[in-house]
Amino acid sequence: MPSQKITEIKRIFTTRLDALEHVLRIGEKHFPDANAFMDKRLAEDMFPFSSQIVIACNQPRGFSQWCQGKAIENLPREEVQSAAQAHAVIAQTRDLVAGIGVDDSKLDEIKRIGLGPGRYCELPGHQYIDDYLLPNLYFHITAAYAILRMLGAPVGKSDYMSFLEPMVQQEGGAR
């Protein structure tokens with residue numbers, strides 16, 4: 001049964017995946033062709049929107065695989081070519097996160113992280129989450145958001161942080 005830290009990690013992954021999907025839906029509503037923005041990038045040497053979705057999802061996917069004692073098999077960046085495929089990958093990732101069933105002791109284990117040809121680091125699980133997975137997750141969600149923003153989609157900070165919406169209050173106590 002997941003314990004406190006694992007439960008919190010699952011909550012963060014799930015709510016950030018929800019925010020990513022929220023941003024994706026805004027792009028679909030804004031552009032007549034829902035797939036028109038999939039190949040757009042912030043800069044020539046950066047990955048396109050579709051790859052940002054995949055890489056963002058690979059972070060919680062990899063964690064769930066590691067928790068199950070499986071080798072981490074990232075989805076290839078080319079996995080997503082359409083908005084429908086993006087929704088499917090996000091939903092599949094949510095399901096993997098929901099299935100995480102280890103306790104917090106897993107976070108004491110050492111995780112080897114490949115950092116490109118011939119490079120790696122080894123971190124305890126809690127540092128793997130804090131210093132590798134979450135920064136990567138946020139970076140790629142932010143890049144997806146920024147691509148849509150650059151293209152003129154009406155996305156704002158409240159969309160990026162839509163996971164806070166249930167806790168937002170209005171002066172006077174109204175929600």
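Author: On a 1 Å grid over the protein atoms alone, a pocket is an open set of points with protein on both sides within 12 Å along at least five of seven lines, and residues with an atom within 4 Å of a point line it. Points are joined across faces, edges and corners, and a volume is the space filled by probe spheres set on them. The model is predicted, so local features need pLDDT of at least 70 and side-chain atom pairs pLDDT 80 or more, while totals for chains, interfaces and linings use all residues. Residues are numbered from 1 along each chain as its sequence is written, and side-chain values use heavy atoms, without hydrogens or water.

Reader: How much space lies in the largest pocket, and which element gives the most to its lining?
Author: The space in the largest pocket comes to about 400 Å³. Its lining has 19 residues, and those closest to the centre are Ile55, Asn58, Gln59, Asn74 and Tyr132. Two or more lining residues come from each of α2 (49–67), β1 (110–114) and α4, where helices (H or I, at least four residues) and strands (E, at least two) are DSSP runs numbered from the N terminus. With 5 residues, the element that gives the most is α4.

Reader: Does the span of helix α4 agree or disagree with its number of residues, and how far apart are its end C-alpha atoms?
Author: Helix α4 covers residues 125–150, which is 26 residues. The expected span is 1.5 Å times one less than the number of residues, so α4 should reach 38 Å. The span agrees, because the end C-alpha atoms are separated by 36 Å.

Reader: Where in α4 does a kink lie?
Author: A bend is the angle between axes fitted to the seven residues ending at a residue and the seven starting there. In α4 the kink is about 30 degrees. It comes shortly before the proline Pro135, at Leu133.

Reader: Which residue just after α4 takes a positive phi?
Author: The position in question directly follows α4. Its phi is about 100 degrees, and the residue is Gly152.

Reader: What is the volume of the largest cavity?
Author: A cavity is a set of grid points where a 1.4 Å probe fits but cannot get out. The count is 1 cavity of 30 Å³ or more. Its lining consists of Arg16, Ala19, Tyr138, Ile141, Tyr160 and Phe163, with two or more residues from each of α1 and α4. The volume of this largest cavity is about 30 Å³.

Reader: Is Glu21 buried or exposed, and which side chain makes a polar contact with its side chain?
Author: Glu21 sits in helix α1 (residues 4–30) and counts as buried because its relative accessible area is 8%; buried means under 20%, exposed over 50%, and partly exposed in between (1.4 Å probe, protein chains only). Beyond four places in sequence, Glu21 is in contact (heavy atoms within 4.5 Å) with His87, Ile90 and Arg94. A polar contact is a pair of N or O atoms within 3.5 Å; within protein one must be able to donate a hydrogen and the other to accept it, and residues adjacent in sequence count only if both atoms are side-chain atoms. At 2.6 Å, the side chain that pairs with Glu21 is that of His87.

Reader: Is Ile113 buried or exposed, and what is its relative accessible area?
Author: Ile113 belongs to strand β1. Leaving aside neighbours within four places, its contacts are Arg119, Tyr120, Cys121, Leu123, Tyr128 and Tyr132. Ile113 is therefore classed as buried on a relative accessible area of 3%.

Reader: Which residues does Ala143 touch, not counting those up to four places away in sequence?
Author: Ala143 is part of helix α4. Its relative accessible area is 4%, so Ala143 is buried. Outside the four-place limit, Ala143 touches Leu42 and Gln52.

Reader: How far apart in space are Asp95 and Arg61?
Author: Asp95 is in helix α3 (residues 83–98). Its relative accessible area is 59%, so Asp95 is exposed. Asp95 and Arg61 are 34 residues apart in sequence, and the C-alpha to C-alpha distance is 9.4 Å.

Reader: Which residues does Met46 touch, not counting those up to four places away in sequence?
Author: Met46 is in the loop between α1 and α2. With a relative accessible area of 25%, Met46 is partly exposed. The residues that Met46 touches are Arg41 and Phe139.
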